[in-house]
Amino acid sequence: MLFKDQLFLASQYLAPHHLVSRLMGHAADCRTPAVKNWMISRFVRRYGVDMSEAQLQDPLAYETFNQFFTRKLRPGARPLDAEPGGVICPVDGAISQLGPIEHGRIFQAKGHSYSLTNLLGGEPERATPFIGGDFATIYLSPRDYHRVHMPCAGTLREMVHVPGRLFSVNPLTASHVPELFARNERVACLFDTEYGPMAMVLVGAMIVASIETVWGGLITPYKRRIRHWRYDAASRAPIHLEKGAEMGLFKLGSTVIVLFGPNRVRWTDTPSVRGPVRMGELMAMPA
């Protein structure tokens with residue numbers, strides 16, 4: 001391993017993750033034109049952001065960096081695959097891993113896996129429907145569109161916010177930080193679908209200022225305790241979202257993990273490990 005990589009990994013354990021992320025979050029909400037314009041211009045140049053796809057194509061017309069970062073796309077920019085019964089990709093990004101959930105663990109990178117139960121907040125009953133099922137891990141790069149959409153139609157039955165660390169998420173940390181995705185702060189949303197239970201886990205990372213859902217608004221950051229919400233007739237009204245509907249967004253970050261139960265879906269030939277994907281592309285078919 002290169003010395004600079006060793007230094008980077010060491011800094012990940014020593015850095016005050018939440019303090020750094022809160023400071024970045026405040027900066028990203030700054031409305032001072034000189035400050036926000038400098039941040040946006042530098043970001044566009046560094047990452048080569050394609051603004052032609054955005055509803056508002058002038059990057060400096062956004063009032064804050066966060067508004068720019070969570071920009072909406074123009075109508076028709078992400079057509080949904082029309083294959084009957086297909087499961088679509090929920091985000092723009094790159095598939096870092098996908099495959100079976102074996103013995104209650106999810107593959108992270110060579111030599112590393114993490115606990116399905118821990119990923120979903122530590123309750124075995126919550127994880128049971130997905131044991132022996134399938135997962136896909138999709139990484140969003142800084143230049144990507146950062147809104148998250150439904151892979152298939154579903155009815156929300158539970159949401160869980162799991163506080164944790166905020167390690168950076170990239171191939172280096174995935175290969176060297178044990179249980180990375182089950183250690184970082186995350187929001188798990190569990191749905192009932194035509195394919196059985198489905199979970200969408202939105203994972204935070206260093207400088208990720210917040211995670212939002214369309215029904216709950218701002219979910220993170222918050223006090224360092226697990227919180228969960230039930231959505232049924234006895235507590236909150238059920239929430240149904242159609243395939244392709246927006247379900248949440250990242251303000252700076254990160255990773256989405258999609259889970260299905262056993263023998264429910266089969267990944268198509270379209271996605272490939274570490275291959276680029278776009279929201280709306282066909283990702284799976286019924287098993």
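This is a predicted model: local features need pLDDT of at least 70, side-chain atom pairs count only at pLDDT 80 or more; totals for chains, interfaces and linings use all residues.
Residues are numbered from 1 along each chain as its sequence is written, and side-chain values rest on heavy atoms, with hydrogens and water left out.

The protein chain contains 8 helices and 18 strands, where helices (H or I, at least four residues) and strands (E, at least two) are DSSP runs numbered from the N terminus. Along the principal axes, the C-alpha atoms of the protein chain fill a box of roughly 55 × 45 × 40 Å. The radius of gyration of the protein chain, taken over C-alpha atoms, is 18 Å, which agrees with the value near 19 Å that a compact globule of 287 residues would have; the globule rule applied is 2.2 Å times the number of residues to the power 0.38. Of the 287 residues, 54% count as buried, buried meaning under 20% relative accessible area, exposed over 50%, and partly exposed in between (1.4 Å probe, protein chains only). Among contacts (heavy atoms within 4.5 Å) with a separation of 6 or more in the protein chain, 75% are accounted for by residues 24 or more positions apart.

Strands of a sheet pair through backbone hydrogen bonds, either parallel or antiparallel; here two strands are taken to pair if DSSP finds at least two bridges between them. An open sheet of 4 strands has the order 6-14-10-11, with antiparallel pairing. Its edges are formed by strand 6 (147-149) and strand 11 (217-220), each of which pairs on one side only, and the twist from one strand to the next averages 30 degrees, with axes fitted as lines to C-alpha atoms (for helices over the stretch in contact) and angles running from 0 to 180 degrees between N-to-C directions. Within this sheet, strand 6 pairs with strand 14 (residues 246-251) in the antiparallel sense over 3 bridges, and His149 stands opposite Glu246 of strand 14. An open sheet of 3 strands, again with antiparallel pairing, has the order 1-18-16. Strand 1 and strand 16 (265-267) are the edge strands, each pairing on one side only. Strand 16 and strand 18 (residues 282-286) are joined in the antiparallel sense over 3 bridges, with Trp267 opposite Ala284 in strand 18.

Side chains of opposite charge can pair when their charged atoms come close. The structure holds 10 salt bridges, each defined as a side-chain nitrogen of Lys or Arg within 4 Å of a carboxyl oxygen of Asp or Glu. One of these joins the side chains of Arg78 and Asp92, with an N to O distance of 2.6 Å. This pair links distant parts of the chain, 14 residues apart: Arg78 lies in the loop between helix 4 (65-69) and strand 1 (87-88), and Asp92 in the loop between strand 1 and strand 2 (93-100). Both partners are buried, Arg78 at 12% relative accessibility and Asp92 with a relative accessible area of 5%.

A further salt bridge is formed by Arg230 and Glu158, whose closest N and O atoms are 3.2 Å apart. The residues are 72 positions apart and again connect distant parts of the chain, with Arg230 in strand 12 (residues 227-230) and Glu158 in strand 7 (residues 154-162). Arg230 is partly exposed at 34%, whereas Glu158 is buried at 6%. Arg230 also forms a salt bridge with Asp232, the closest N and O atoms lying 3.8 Å apart, and Asp232 is partly exposed, with a relative accessible area of 26%. Through salt bridges that share partners, Glu53, Arg78, Asp92 and Arg278 are joined into one network.

Ile257, in strand 15 (residues 255-260), counts as buried at 0% relative accessibility. Its C-alpha atom is separated by 6.9 Å from that of Phe135, 122 residues apart along the chain. Leaving aside neighbours within four places in sequence, the contacts of Ile257 include Tyr114, Leu119, Phe181 and Met200. Thr193, located in strand 8 (residues 186-193), is buried, with a relative accessible area of 14%. The side chain of Thr193 reaches the backbone nitrogen of Tyr195 at 2.9 Å and the backbone oxygen of Gly196 at 2.7 Å. Beyond neighbours within four places in sequence, Thr193 is in contact with Cys152, Ala153, Gly154 and Met198.

Definitions and conventions
A polar contact is a pair of N or O atoms within 3.5 Å; within protein, one must be able to donate a hydrogen and the other to accept it, and residues adjacent in sequence count only if both atoms are side-chain atoms.
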